Structures are given as C-alpha cells and as structure tokens.
Amino acid sequence: MMINKKRLKNKANIIILILIFLTAILTIYLLLIETKNFLLGKSIIKEDIIPISCIDSDHGINLTTIGTLTIGDYNYYDSCYTNNVIFEHYCEDNIHKSEYLRCPPGFICSNGACSNPSLCIDSDLNSFYPDGKNYYLKGNVIKILNENEINYEDKCFETDPALSTTNKFSVENCISDYCYLQEGYCSGNIITQTFYKCPEKCESGACINISLPIGCANTENSKCLDLRKLQINHEINVLPQEAISSEREGIFKKTRFGILKKGNTITIQFPVFDFDKEGLPNSPILLEIKYKDVINGGLGVYSKIDYIDNENPDVPKNRREVSLGKISTLGSNKWLTKQYVFKRPFPLIRNLEGYYTIKLRVDPNNDFPITYISLSSVNNRIAEIAILNNTYNLISIVDPPKEKDEASVSDRDPIIFVRDIMRPLYINNKPINKEISNKTFIYAAPGETEALSFGINSKKGLNSLNFEITDFINKWDKNIIFKDNFDIYSVEYDKRSLGMYAQSVYLISNIEDRLVKIDNISFNPGTVKRFWIKMKIPSESRKGDYNGKIIIKSDNESIDEINISIRVLSKKLDLPKNLNPIYHDPYTITISSNLSKVYEFYQEMNFDPLYYLTDSKVEFIKENGKIIDFNFTIFENHLKKMKEEKFLKNKMIVEPLIWVSIYTNIHGKYSSIDPELYSKLSDIEFVKIYGLLIRKLNDLSKKYNVKFIYSLPDEPWRGNYGRIISERLAKIIHENNGLTTVTYSNQLEYEIPAQTSFYSYNTPNSLLPSLKDDIDYKVWILDDQEIGFQKKYKNFGYYTTFASNFRNPIINRFLHGWLAIRTDANIVSAYAMSSWSNDPYNELDSYYADFIFAYPSWNGDLVPAMNSEGIREGIKDAKYVATLRRLINSNPGGKISIEAENYLNNILSRLEITDYRQYSVPKDYSISPERYFKSQIIAELSGNNNYEDYEVFTNIRNKIAYYIDELSSLK
C-alpha cells in the first residue's frame, strides 16, 4: 500500500494548527479570568486598593423575601415597581445588579416582596401602564377569592358619568361628547372602575383615535410635499433638489415614492399660513412624515427657530435650530407615519421670510424612503392626541391628590384664599378652611425677591379677571415700595415627569409647571386657579411694616381684595456659606435674546457663575506656531458685565476647556482612548503652557477681587480618561496655586486598574489614579452625598441633577437650603438653566426629561418654572441662617442669642437622614417618588412627623426673621 507522504504531512500541519489555536483560546480565557478576578479584587491586591464587598440579605434573587443590599457605605432596598413587578437588588461576582422581575402567578408585590393574598389580575396592566389604566386596550380584570373567580371587562358608555348609574348604558361604540370608557383596574386586590372620556371614539371596550394621521393635502391651511406624484407642489422649496430622487415599487412598479439620499442635509420651506402679526401660528401646526420602515434607516428632524439676537456678539449661535427628534427604523418594511406638533406658547416653527422651515438630516449609511411631508393647521384636541401618540416614556397619568381639609361649599362666590407657596394646588383641589382669608403677612429683606400665592375658586365662573396693585406704604416714615416692584403671574399646569431618577420610565401628572404673566383671564364655572406674586424689595427699603393691597376685578368691577403686610428687615441678608453655581453661564447657552433678562433672573435666584472658558473667549498668542501667552479681553468684558449685573460675587467656578486646544497645539489630534494620554498630559511643554494659563487666570482673579475655583471634566468616573485628565490637570493647577473642583463620586476615592477589556492606558503601576487628594471642592453626586458628608472633607458639596427637574418647589428648596445648612456644604450646583430635548414646553417628546429653570419666549422674557421658585427660596433660607449666625456670634451669651442658637440647633437635629436616596425612593411605587420625597422633608422639618405641614418652611423662616430683627436692634 502506497503512503501519500504529502497528504500525511498536511494532516500533521492541520493538527498542529488546531493545537496552537486551542492553546491560544485557553490562554486568552485564562487572561480574561485573571483580568476579571483582578477587577473584582480576587487577585493579589495592592495595599492601597480597598475592595468593596457586596452583601445581599436575601442571598440573591429571592422574590418572596424583602432584601437589603449593602455595598460599601450604601444600602439598596427591594421595592415594588407595580402591583406584580418587583425591583430586585442582588450581588453577582461582588457587583451590585438590579432587575425588574414579575411575581409568580397568583402573587402580588407588597412591601418589596411577592406574596399570595386574594388576587386581582388586570390583563391590560404592563410596564407602560403599571396602574392598569390602559384606556387604548380592552382589558379583563379577574378577582380570585377562595378559588372563585369574578370577571370584569372594560366597556364603552354613552352618557355623562356624573349622572346616576340608572341613566348609564353600555354601547358597542360611540362618538360624541358623552362617549366614555368604563375602565377596570386593580386597586390593591380590589376591582375598581373609573370613567374616562375618550378623546375621539370608544369601540369594543377601548378608546381609539380616528383623526390621525392627517394625510397629504394642499389647501389654505395645509401644505404638502407629495413625492408620489409627478407634479409636486412647486410652492415648496427643497434645497438641494438633487438630495431627493424618485423610486417605484409594487408588482408593476406603479407606486411612486421619494428617496432622501443618505448623508444629505435637506432644507424644506413651506409657504406660511394661519399666522399672527408676530409670525407665530394661530393654531397648532402638525408636521407629518410618511416613511418606509427599512432596515437601519435614520432621519434627524430639525426646526429653525432663530429667537436669539443676531446683533449681539456675546450671544452664541448654537441655538439657530432645534432637534425635534430622530426617526429610527426597525426593518418591518411597512409604511409608517411620524408626527411633530408645533404649539403655543412657544411653537418651534414661525414665519421666517415667508416660510415655515424644516431641516432633515439623513443617516450617512442608508437612504430614507418617504411618500410625503406635510404641514397642517389642526385643533387643540388633535394636537393633544398627536402629542400622546408620539410620547416617549409615558407610563401612567397619576391623578393629583385631594386636600384632606377642604372647605365646605358656601354661598359665597368667588372664594378668595391665601395659600402657602409650598402647598401645591392641583386642578381638582379646593381651598382648605384655614386659607379662606383676604389678609396675609410676610417678612422680607432688602434686595430680595419675595413670593406670595393666592387662589380663586368660582362656581359660577368669572369674565375678564384682572388685578390692580397699590403702592405699599410704611405708615411711620411714609417710605414707599412702589407697585412697579410687584408682578402677578398665573400658575400654569402641564404634563410633567414626576421623576424616576434616570430610569427610562416616568410617571406623568398634570402639575404646576410655570409662571405666566397675565393681563386678564376668564374662569369657566367650577374653576380653581392659582396666582403667584413676586415682590422685588428695593435694596434701599428702610425697616418697617409696609401695607398695601391687591384689588381683584371682574369685568372692571371690584369683587374682592387681599390686604398684604410686609415687614422689611433692617439690613440686607448675608451671602450663604455655599456657592450655588448655575449650569451654564449666560455666554455658553443663552435662552433669551435679551441678556439683561437672563442676568435679572440669575440675580433674583442668587445663583453664582460657572464659566466655560472656551476657545471663543480666549485668544492664543503664538510664536512660530507655539502658544506663548493668552489674551483674555473677551473674558474680562464678561467679568465686568457679571460684576455690573451683581451676578459675580466673591467666588466663581471657571472651567478652562481650552486645555484641549493647548494639547492639540503640542501633540496634534486629541483622543480620549490614546494609550499615552497620561504621559502626554505630563509632557513638560503641556505642563508649562497650562501652568501659564492658570497663573494668568489667578492674576485676573486678583484684579477683579474674586476667587477662581477651577473645574475639571464633568463626572470623571464615567470614563477612565476622565480620571487621567482630572488628576493631571489638578496637579498642574495646584502647582500654580489654584483650587480645584469636580463633580465627584465615591468611585473616585480609590485607584483602579488602567487596563480593561476595552481600553488600556499606560500609567504608573498600571493604575488609574485616585482623585481623593487632588480635588479641593468635592461636589458629590447625590447618590453618594451622604458618603461624602460622612467623610468630613473640608469643602463638601453636591449637585442636584434629576431632583432639580422636579417642579414641586419643596424638593429644590430643601436641597439648596436646609440640606446645605445641615451638611455644612460649600457648593450646591444646580443643573440646568436650559437643557431640554426638542420642544422645551413638551416634556413627553424625548427619552430624557427636560431640565429647565426658566422657559424661553419669543419676546425675550423668561418664563419662570416652579422648580426655580423653590431654588430661590432655598438659597434665601441659607442666607437667613448665615445672617442669624453672624448676629449670634456678634452677641455671644445674650438671652436672644442663646434662644436663637437653640432654635437653629433644634431644627438641624431633626434632619437625621442625610442619605438622599432614603428621601427619594419609597418602598411602594404606587406613591410617586416626588411626593414621597417632599413628604419626608416636611415630616422631618416639622419635628412632629406631620407629612402635611406645608407651612413649616414659612414658619421657620418667620421665626429666624424675628430673631434677626431682635438681634439687629441690639446695640
């Protein structure tokens, strides 16, 4: 038998290659295991790395036992997300993990664990409708009790639900003003029904929408770019035209459609219609795009808004257009419709040179098929339906609570009542008994903005309601606070997220959202309305009681009045101990064409600057292409303006973002994943130029008598490069006598490996540095703020992202006031003046919540949001306490001083919980986290566990003001 030596040799080579491949795989696996073990602390650990243990009391995923997970200094608690979904925390490989898990059949979630009582099951309950009130899907509610089953189906009713049940009758479908859905859901383990008025039609036990989509038409109030036709509407401009081509589909290729070519930016100009003298649409405008759901398609949709003053050189031009959203396709190959609504008070479309202008940016990788793009005037009902149909994150509309002590209905109409600014007024509330009064009293300090609130409840309705304010006169010396210092606002409601702390789901409620200046207003019968007074007390106002009134008129006839007494303190308040930086400075992101309005708002709020020192604000002086000096003319002009507007006080935060330009001048292109990032930031040339920058800035700070605190890259724990940049820059700043700050987390306290499965950096000892010794002002993430407080670092601070979004002013007042006082904070940073997605007036049009302290407007005015009212009052609380402490120290041992100090200490001793999460996350998610948070705050401040003591902030403020008054009068 002949042996083929060549074939045998080939087989041997193949076997050798297989063995080499398997050996390589095994080596890589062992290296991965070793890397994983090293990251989890299972390998040899250097003495200066502190492993953090993860401990779960219920030993993993245990749905029937409530567990507490402890990691480091922090606790997480299992909790109920819905009545049959549990939010379970557990440890895996010493790492904290969490999941939303459904309870087993027959079980419901109660107090953080699944249990099996008598059971109520709702078929249309899901993660989008955790309360079961799913009006657009027919549901069955089943009650199981002792193995017996009770069944209820959602039904359509054509009648007024206010009528007796004998006059109600179910129908298969209805379309009328009397068309309701009787929706069944589980309240605990009890079957409950509610009546819901379907916006358009009820059919077979569910609401349906019949008006949408609008379609393609060219009429007086509708313009359409129809790409299914040979002759398109030539009134509509398409730029560039070559970015759109025509295609056909179907068996005989008869159906035409358009192709938006990949990578193009296409401007579409629709001739204007239905607009007022200011160029704003009179009615809501609906933009509709019909597109094909192809694989990996994408389209960015933008509107041109141009509300910023083009003539002002200080105003950045980064708000010329606003993203309305992105269409991302999934590959179903169906023709779908996407809609956007432009609605007052701030429609993101307006008459600009005779056109409504839209921009489309096509994904660079794929063409985007469409049949038409249209703009149409629609009524408010259709606009609301379109908004809800295109909503992100809408989980559940939460009904606002009713007051426990509502006043009995009287023959008096209207009812005028004075409500504490911290007590919310929901649209279904009535006044409580103690509020029905036409007199009120308030302490005030010179130079401060004070707030008062009153409500009107009318059974019959009111026409052309308006207000007349008198001057406020001090009867002793006839000093006057003129009526021009007073503004009256209507409190406007809107659908807003109640907040779920960066999770992708939200509870929504129709809550107090913003303050709108009013001229006159009409009331429908049975209406309750809240009004807000902002009083700017002049700095030169002398001590004393000032009396005046608000006269309430309807149809130009006086119907009632509110008498107000203002007791002005003798001196201006001291600055608070802590800085309150605002993201961002007026020259980085501007939301008004009138910068004076922005400064006026900042001054009223008592905010401090956080200035972004970018390339546009500094001129590099170069020699032979290298940076040798800096020209700060623009920055100096901004400093002068900030000082002139009293926005700049004795400290400010400066973030020198121009370090990137210094880096690229020396090293070329910057990359966050460059393995040599550490050594390049340590390069002698970079250290020299960046050090020069810091010294020059220090000279400026002395010139303007303000201390600069230099901020490093935001949240440096979120990327390993952030640690490297922060540590390297901090070293240079310290070497040049500068102070540093950064948004901080407990993760930054320890060194960690510089090599991961994604990126590797060449650093000393192959470790990423701890920032513990490099940051002077550690501004802790709220999740870790208790940890930071317990460490007792010299300059403790925290920042309020996520909570700052809450409209309930109690929360932000506490964070900027009593929590700052309790923790002796040096910085409380507020995010954000204007960080919204798409339409700022529509919370529901993006995956993320909108962060806004004041809304923009077309006339340049700022529209204050309710959260900013809380922030201002919180900072003012800190000013009152700082003033009182100075007066106590100036009068040591005096009777009033001892009494005042004991009063302060008593309040602070009540605030024993300093862990933010214990305030914000209730054990039962049927309670909104926002309401839970404010209830905990009120209960602790009240000292008697009274969750409804909304007046506690005012009562404490008044007592402190009394002590200030008394101590100020001492010689």
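Student: What should I know before I start reading?

Tutor: Residues are numbered from 1 along each chain as its sequence is written. This is a predicted model, in which local features need pLDDT of at least 70 and side-chain atom pairs count only at pLDDT 80 or more, while totals for chains, interfaces and linings use all residues, and side-chain values use heavy atoms, with hydrogens and water left out.

Student: How many helices and strands does the protein chain have?

Tutor: Helices (H or I, at least four residues) and strands (E, at least two) are DSSP runs, numbered from the N terminus. Here the protein chain has 16 helices and 58 strands.

Student: What share of the residues count as buried?

Tutor: Buried means under 20% relative accessible area, exposed over 50%, and partly exposed in between, with a 1.4 Å probe and protein chains only. Of the 971 residues in the protein chain, 53% count as buried.

Student: What can contacts tell me about the protein chain?

Tutor: A contact means heavy atoms within 4.5 Å. Taking contacts between residues at least 6 apart in sequence, 69% join residues at least 24 apart.

Student: Now the disulfides: how many are there?

Tutor: A disulfide is a pair of cysteine sulfur atoms within 2.5 Å. That rule gives a count of 4 disulfides. One of them joins C54 and C91, with sulfur atoms 2.1 Å apart. This pair links distant parts of the chain, with C54 in strand β1 (residues 54–56) and C91 in strand β5 (residues 85–92), 37 residues apart. The torsion about its S-S bond is about -85 degrees, so the C54 and C91 disulfide is left-handed.

Student: Which parts of the chain does the disulfide of C156 and C202 link?

Tutor: The sulfur atoms of C156 and C202 lie 2.1 Å apart. The pair links distant parts of the chain: C156 sits in strand β12 (residues 155–158) and C202 in strand β17 (residues 201–203), 46 residues apart. C156 is buried at 1% relative accessibility, and C202 is buried at 0%.

Student: And what is the handedness of the link of C216 and C224?

Tutor: That link is left-handed, with -105 degrees about the S-S bond. The sulfur atoms of C216 and C224 are 1.9 Å apart. C216 is partly exposed at 26% relative accessible area, whereas C224 is buried at 1%.

Student: How do I read two packed helices?

Tutor: Two packed helices are described by the angle between their axes and the distance between the axes. Axes are lines fitted to C-alpha atoms, for helices over the stretch in contact, and angles run from 0 to 180 degrees between N-to-C directions. Angles under 35 degrees count as roughly parallel, over 145 as roughly antiparallel, 65 to 115 as roughly perpendicular and the rest as oblique. Helix α13 (residues 895–910) and helix α16 (residues 952–968) pack at about 160 degrees, with axes 10 Å apart. They are therefore roughly antiparallel to each other.

Student: Which residues of α13 and α16 meet?

Tutor: I896, S897, E899, A900, Y903, L904 and I907 in α13 meet N955, I956, K959, I960, Y963, E966 and L967 in α16.

Student: How does the case of α7 and α8 look?

Tutor: The axes of helix α7 (residues 684–703) and helix α8 (residues 720–735) come within 9 Å and cross at roughly 55 degrees. That makes α7 oblique to α8. On the α7 side, F686, V687, Y690, G691 and I694 meet L729, I732, I733 and E735 in α8.

Student: Could we finish with single residues? Where does K876 lie?

Tutor: K876 lies in helix α12 (residues 866–890) and counts as buried at 0% relative accessibility. Leaving out residues up to four places away in sequence, K876 touches E448, T449, E450, L573 and R957. K876 and N606 are 270 residues apart in sequence and 8.0 Å apart in space, C-alpha to C-alpha.

Student: What does Q269 touch?

Tutor: Not counting residues up to four places away in sequence, Q269 touches E235, I236, N237, L239, Y355, Y356 and T357. Q269 is found in strand β23 (residues 265–271) and is buried, with a relative accessible area of 19%.
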